[in-house]
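Here is a briefing on helix packing, domains and the chain interface. Please read it alongside the sequence and the model.

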Amino acid sequence: MLTRLLSFFLITCFALPCFAQSSTINTHKYQLDNGLTLIVRPDHRAPIATMQVWYKVGSTYETNGRTGLSHFLEHMMFKGTKHNPGSTFTDTIYALGGHLNAFAYYDYTGYLQTLPAQYLEAVFVLEADRMQHLIVDDEAIFEKEKQVILEERRMRVDDQPIVLTYERFLATAFDSSPYRVLPIGWHADVAATTLDDVKNWYDAWYGPNNAIVVVIGDVNPEKVYGLAQEYFGDIKEKTLPVLKPQPEVKPLGQKRITVNVPATLPYLIMGFHAPVLNSTQELWEPAALTLLSSILDGGQSARFSKELIRNQRIASVASTNYDPFLRDANLFTLSAVPASGIGIYQLEAALLEQIALLKQNLVSEQELNRARKQIMATEIYKLDSIEAQADEIGSLESVGLPWDMGNEFLQELLIITPEQIQLVAQKYLIPEYMTVAILKPQSIQGEVDAAQE
Amino acid sequence: MLHRSRSRRRKPFFTNIWWILAILITLGVCANYFFINKKTPVSSSNEQTNTASRENHLLAIQSWQTSQGLNTYFLPIDNLPIIDIQVIFSAGSAYDGTTPGIAQITNQLIGKDTQALATDAIVEKFESLGALFNTSISRDAATIALRTLAFDEESLPAIDLLTHIFSASYFTDNSLALEKEQLLTAIAAQNQSPQALASNAFYHAMYAAHPYGSPILGEAETITAFTLDDINHFYQRFYNTQNAILVVTGDLTREEAEIISENFGQALPLGEAAAEIPKVTLPAATIIEHIDYPSTQKHILLGLPTLEKNNPDFFAFYVGNEILGGSGLSSQLFEIVREQQGLAYSVRSQVSPMKQKGPFIISLQTRNDASATALALTQDHLKTFTANGPSQKELDKAKQNIAGKFLMAFDSNAALAQHVATIAFYKLPLNYYDDYLAKINAVTIDDIKRVFNDYVGSKNLVTVTLGVNEQQN
């Protein structure tokens with residue numbers, strides 16, 4: 001165990017945030033002439049490295065009738081190039097002892113591989129190749145992949161009562177913003193996607209000046225920069241499409257829906273339109289909302305657990321969600337499952353009461369300190385995973401925030417006052433900004449019987 | 001599960017009620033992320049592990065017994081200011097007896113009250129220190145885990161409180177009622193999850209009346225009836241020094257670890273080790289079950305009980321399984337079912353050795369009207385694989401992949417803590433990983449054919465489907 005850190009750190013600030021920050025001193029950012037961003041952080045704990053390529057394109061770049069395109073393209077990125085046909089990409093990473101995955105999100109699409117650090121060059125070869133030479137021309141392969149994506153949708157959305165509710169909730173909360181659609185897209189849009197749609201999407205958005213490469217692990221930054229120069233350096237810069245802003249229209253009043261699906265548990269989700277770092281000049285507002293989220297749901301000593309679950313026995317589960325690191329304004333959400341014998345409207349009233357308390361009274365210093373301490377500890381625990389570190393860097397840079405925004409934000413969190421938390425509650429958690437979705441379970445057995453008639 | 005949060009978490013080694021509830025409630029938010037492939041949880045079955053360049057042993061685990069007879073396993077890791085402590089008891093759901101759910105709820109109740117402190121005070125203390133306190137169970141084990149910062153100011157009070165939870169253990173009606181509520185909600189959540197329902201039905205079909213056959217969370221009926229006496233009785237029987245191991249990993253010295261273990265040894269009562277979990281009887285005939293459920297997909301599971309944790313055939317079976325369906329986008333089943341036919345998003349196989357024979361499971365999901373085709377394709381391929389094994393090229397590639405993964409297994413304190421816990425709990429040799437790769441490399445095509453025939457091909461398979469039975473096309 002340690003008896004505190006170096007006295008140098010003790011003089012400037014207290015130990016925890018400084019420890020978390022020490023990793024940032026060790027982070028190197030480069031930009032190639034063609035606009036590609038490269039960020040490297042050595043972490044020599046194990047002889048491995050993670051290499052991730054993030055493209056600044058996701059479902060919020062899409063438009064109505066063409067949803068799910070970024071996700072579809074992400075699947076097609078594993079179908080081969082001229083030089084590395086078919087499954088060469090996955091086969092190569094596999095043979096080198098690595099593992100890979102990829103995902104599509106609202107604001108970006110990420111390709112992640114982790115492998116023994118000595119083979120890092122192989123990933124650079126493959127990723128640079130598929131940034132330029134993806135082949136999307138085989139109708140049969142395309143149609144099969146479409147079926148796979150529809151299976152993914154069935155498994156992850158259509159057959160999950162809570163996700164299905166969440167999908168309809170988003171579509172209600174947002175009127176004009178593309179955040180209203182899940183990244184996988186609507187079933188009919190996916191089904192109607194053509195090969196040319198996906199090819200054009202790739203041609204439009206996949207270029208070096210729209211990509212961020214993140215490498216963390218047992219590596220030398222200058223050598224990694226050399227690899228980037230060698231394999232990505234010659235790729236031509238692209239003229240990127242001008243992204244339409246698609247802002248959310250001003251909310252004009254409370255919205256409310258009911259979702260009737262076969263299920264066993266009632267569920268309620270409530271969202272309020274709220275700013276994120278990218279949508280406001282006021283850095284403190286997203287910071288105060290983040291702390292507010294932690295006051296309500298930052299562990300078992302937070303208010304939801306203590307009040308709603310343990311003391312009042314109103315909810316069996318209750319949680320908040322707020323992500324300040326998106327490209328545009330989003331939602332602050334509260335969701336819960338009622339305790340047995342508690343009606344869904346009683347639950348809703350209890351959640352609203354928690355919000356009212358935040359507006360009426362200042363949070364205590366003790367609560368605030370607990371939230372700050374947890375946030376700082378989480379920063380250190382995050383250092384235990386090189387992939388989690390790369391995730392943070394990639395997602396921040398992908399939405400136009402500097403990779404070390406996390407630390408700047410951390411500093412902001414430490415100085416937020418109880419008054420500021422009260423202010424954001426009063427400003428944003430208001431009926432005009434509110435959308436509520438309620439899942440009303442229908443009998444599962446009833447559905448089974450009906451299907452058999 | 002397809003879980004991705006901002007700091008991507010590994011799925012815990014054991015089933016955790018809070019984790020299930022967290023998934024339930026954040027499921028909507030998690031649905032924001034769409035992966036190319038179903039994320040494979042890191043589970044106890046994934047033996048593909050480890051290394052660190054130590055002189056003689058890959059894992060320099062130190063082990064001792066306290067004056068009260070508590071077996072302790074210690075691995076110093078000094079590159080991050082983190083300490084992980086796990087107290088693991090042979091008290092998983094396999095010890096439920098005639099009261100399904102008793103192991104789960106007892107485990108959940110630990111840390112809720114002590115003779116001196118109520119829940120609010122305990123959670124407030126841990127969380128104000130930035131410590132993570134967590135309870136979880138599997139079929140074999142019950143775990144109490146603490147992750148704390150290694151600075152004395154945080155670690156000493158956090159570890160003291162953990163010790164206090166055992167030295168002043170106490171259960172209250174109030175907390176029991178609350179944990180019943182939590183557990184019943186988790187069960188209800190499983191009852192609206194086609195995957196969880198199919199999995200529970202599959203375990204039941206494979207193991208019948210064996211303790212592994214009942215769901216880890218238990219059953220609503222028995223849970224509702226539990227009294228404090230039931231909890232106290234289970235706790236007194238299973239939570240003692242002779243039925244426990246202590247695993248300490250992270251940024252502390254041997255001397256500090258010894259003090260911690262001695263204190264824990266004193267905090268726990270003396271008692272007896274649990275009786276062995278009974279041997280598994282394999283199904284006497286082929287079992288095929290279908291459950292009607294109003295889902296758009298049919299969930300298909302096939303397999304049977306196969307290996308004990310210390311079975312030497314594990315290595316050949318593991319390598320074979322990697323090639324068949326264990327290695328994500330690179331497996332044969334993925335190629336045949338997903339890439340060639342577009343019939344599923346997720347298709348995989350896994351082998352999960354346990355104290356007694358753990359299962360080999362192939363699982364996939366496909367739209368209801370394609371399920372007969374997908375099932376036939378999978379069954380045919382399993383037969384072919386059992387008869388012919390992989391090609392030499394496939395075997396070579398799999399070995400390369402496993403060697404690479406082995407390098408990566410030491411990538412975090414969390415992973416290391418898990419490996420030490422597995423070695424300690426399953427009584428594997430402390431140098432288990434030293435010749436791990438040699439054993440993997442020794443596997444031949446004939447070995448794979450032999451073990452797949454011995455454990456799968458020559459036995460009666462269990463098949464469970466869940467979904468809507470309709471006209472096939």
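In helix 11 of chain B, B:Gln332, B:Leu333, B:Ile336 and B:Val337 meet B:Ala374, B:Leu377, B:Thr378, B:His381 and B:Phe385 of helix 12 of chain B. By class, this contact has six nonpolar, three polar and no charged residues. The model is predicted: local features need pLDDT of at least 70, side-chain atom pairs count only at pLDDT 80 or more, and totals for chains, interfaces and linings use all residues. Residues are numbered from 1 along each chain as its sequence is written, while chains are lettered from A and ligands numbered from 1 in the order in which they are written.

**Terms**

- Two residues are in contact if their C-beta atoms, placed from the backbone, lie within 7 Å.
- Helices (H or I, at least four residues) and strands (E, at least two) are DSSP runs, numbered from the N terminus.
- Ala, Val, Leu, Ile, Met, Phe, Trp, Tyr, Cys and Pro count as nonpolar, Asp, Glu, Lys and Arg as charged, and the others, Gly among them, as polar.

**Helix pair in chain B**

- Helix 11 spans residues 332-339 of chain B and helix 12 spans residues 371-388.
- Their axes (lines fitted to C-alpha atoms over the stretch in contact, with angles from 0 to 180 degrees between N-to-C directions) come within 11 Å and cross at roughly 150 degrees.
- Helix 11 and helix 12 of chain B are therefore roughly antiparallel (angles over 145 degrees; under 35 is roughly parallel, 65 to 115 roughly perpendicular, the rest oblique).
- The crossing of helix 11 and helix 12 of chain B is right-handed (the near helix is turned clockwise from the far one by less than a right angle; anticlockwise is left-handed).

**Helix pair in chain A**

- Helix 13 (residues 344-360) and helix 17 (residues 418-428) of chain A have axes that come within 7 Å and cross at roughly 130 degrees.
- That angle makes helix 13 of chain A oblique to helix 17 of chain A.
- This crossing of helix 13 and helix 17 of chain A is left-handed.
- A:Ile355, A:Leu358 and A:Lys359 of helix 13 meet A:Ile421, A:Gln422, A:Ala425 and A:Gln426 of helix 17.
- Four residues of this contact are nonpolar, two polar and one charged.

**Domains**

- Chain A has domain 1 (22-232) and domain 2 (255-452), with bounds from an automatic or database domain assignment.
- Taken over C-alpha atoms, the centres of the two domains of chain A are 28 Å apart.
- In chain A, 34 residues of domain 1 contact 30 residues of domain 2.
- Helix 7 of chain A gives the most to the domain 1 side, with nine residues.
- That side of domain 1 of chain A holds 15 nonpolar, 13 polar and six charged residues.
- Chain B has domain 1 (62-267) and domain 2 (279-467), with C-alpha centres 29 Å apart.
- The contact in chain B takes 28 residues from domain 1 and 26 residues from domain 2.
- Helix 6 of chain B gives the most to the domain 1 side, with ten residues.

**Chain interface**

- The contact between the chains takes 81 residues from chain B and 89 residues from chain A.
- Helix 13 (residues 392-408) of chain B gives the largest share of the chain B side, eight residues.
- The chain B side divides into 35 nonpolar, 29 polar and 17 charged residues.

**Confidence**

- Chain A has a mean pLDDT of 93, and 94% of its residues reach 70 or more; pLDDT is the predictor's confidence in each residue, from 0 to 100.
- Over residues 1-17 of chain A, pLDDT stays under 50.
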